[in-house]
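Have the sequence and the 3D view handy as you read.

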Amino acid sequence: MDNRALTRAFKLAAQLMELHDENPFKIRAIEGTANALDALSFPVAEVERSGLPDRTGLSKTAAAKVAELLDTGTFSDLQRLLEITPPGVVEMLKIKGIGPKKIRSLWRELGLESIEQLREAAETDQVSKLKGFGKKTQESILEALEFAGQSQGKLLYPQAEQLADDLARRLREALKTEQVAVAGEIRRRLETVETVRLVAATDSPVQAHELLNGLDGLTPDPRRSGPFAWRGRATESGVQVEVLLVAPATFATEVFLNSAAEAHLGELIPNSTGPNSTLRQWARREQFQQEEALYEKAGLQFIVPELREGLGEIALAADKKLPHLVEDGDLRGSLHNHSTYSDGNHSIREMATWLRDHGYEYLGLCDHSQAAHYANGLSVERVRQQHLEIDKLNAELAPFRIFKGIESDILGDGSLDYPSDVLASFDFVVASIHSNLKMDERKATDRLLRAIENPYTTMLGHPTGRLLLRRQGYPIDYKAVIDACAQHKVIIEINANPWRLDLDWRWVRYALDQGVMLSINPDAHHTNGYEDMRYGVLMGRKGHLTKEMTFNAKSVEEVAAYFEQRKANITPPLEYKKSLFE
């Protein structure tokens, strides 16, 4: 059980305690344990149970609960709460936007014990009549349920990748072959996955069926399966699982055919005539040992799997104009990160030294701004304190550099939540929306446009505010927003957190065509969050992003010069020095 799973268990326990109106001091203690676990940078499961208090800083009581959870998969408080709570009510706690207290009212006062009952009650206008709810809350619940229904049976990319990699490993061991590949949506690097698909080469399909039928966590679907295809689902998430069993000689061809969108396979190849005018036809008429050979035979530049969407990549490949895509190793720094000054789990020093020790050149610190009270946003005085600390760390850690940034909240009218003199004190400003997410497209777009026009806005953060499989983003006119960023030389982030991946990869190419640079930002609140940059790279690649157009692929000297030049073009207000440095 990894740290995130431990944290989730304690957070669930805290929610259930609040649901049952238990002692608030005990609730805070359980929440404190969850937060402490989330802040740790080492795997708790690898610590000797007797040494948990010393290594984790937890009390002996809390450490005993953690040890029990590690050894048994649960702990007494959590188990007791689950036993007295209907499973459907536990599921209701996952609904975005309504907390345990409201769930308690729905359960106790309306007798609702399932998602289905809640939906029916909301549709028949029963929910709005409860004290503390009203029509608006009822509408929000229905919207959340609709979105949850659409998201059912899907996984975020990292979750799907982990499941697929585990299945691939087991199949390689059982079939004694290396000819097992993850294919489908995962190989194309889609941000959410409906079907986990693998291709395995074997002369003994029965053996593969026996393995898959016997695996814990998989539910077979015999009606959809056959001798050369095992189909079922992952029991917990409901995501579909499909394993295609093929002859070793056709392995490479079948991997290719199952690693591209239909539009890619069926598109006519420019200047191609006769029986082999599409990639599917080429693949079916000849056997290829490598995908590269297939594209070469078709007269095309090799197209990596993440581009195989049928969105113009074949025409570019025919003209040998596919770009060299950005790679993980191209990134030289991490921008948009949080520390303990706001809602991060690690100090500035810890965030910086992790990057330095892993070969990066700079950290862009972007704690939350003063409007973000829920995230311990920085007052003007705390901004000054943070900048003094950064100056000391920069002197100590040089040539590694910490840039003074802020994630400034975009207010309802599009203004930023600091006056100009404070904004002028930062090296760069990431402007993001965190509140009033229910605006219509025109209002939401106008709000962003005003923020982009602000001369202190260096970068636009997570443009739609979406949380994949949890919450839809607010509707915006993408073209208008991207065009404005091009006009005002504002960078757009690809927020690499797997729940966000925002800017959506489908708009990356349009941004590039307008000359807008993109920055792959982890929005890290923990040193573990830096690992998310990989997912931002994958989304950038799907949108044809290159190293040259990736802002944080620049060197520390180039980034510093860019920030300085941008600030030089803004006339500082007269009160700037007084307010922060005198």
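Start with phenylalanine 551: this residue is buried, with a relative accessible area of 0%. Keep in mind that we're looking at a predicted model.

So what does phenylalanine 551 pair up with? One partner is phenylalanine 563: the pair counts as tilted, because the planes sit at 45° with the ring centres 5.7 Å apart. Phenylalanine 551 is in the loop between α24 and α25, while phenylalanine 563 is in helix α25, so this pair ties together parts that are twelve residues apart in sequence. Like phenylalanine 551, phenylalanine 563 is buried.

The structure has 14 aromatic pairs. Another one of them joins phenylalanine 551 to tyrosine 562, and this pair is edge-to-face. Here the loop between α24 (533-542) and α25 (556-568) is linked to helix α25 again, so parts eleven residues apart in sequence are tied together. Tyrosine 562 is partly exposed, at 25% relative accessibility.

Here are the two pairs side by side:

| Pair | Centre to centre | Angle between planes |
|---|---|---|
| Phenylalanine 551 and tyrosine 562 | 5.0 Å | 65° |
| Phenylalanine 551 and phenylalanine 563 | 5.7 Å | 45° |

Over the ring of tryptophan 499 you'll find the charged end of arginine 470, 3.7 Å from the ring's centre. Arginine 55, for its part, lies over the face of phenylalanine 42, at 4.3 Å from the ring centre.

How values were computed. Residues numbered from 1 in each chain as written. Predicted model: local features only at pLDDT ≥ 70, side-chain atom pairs only at ≥ 80, totals over all residues. Heavy atoms only, no water. Phe/Tyr/Trp six-rings, centres within 6.5 Å; stacked < 30°, edge-to-face > 60°. Helix = DSSP H or I, 4+ residues; strand = E, 2+ residues; numbered from the N terminus. Buried < 20%, exposed > 50% of the residue type's maximum accessible area, 1.4 Å probe, protein only. Lys NZ or Arg CZ within 6 Å of the ring centre and 35° of its normal.
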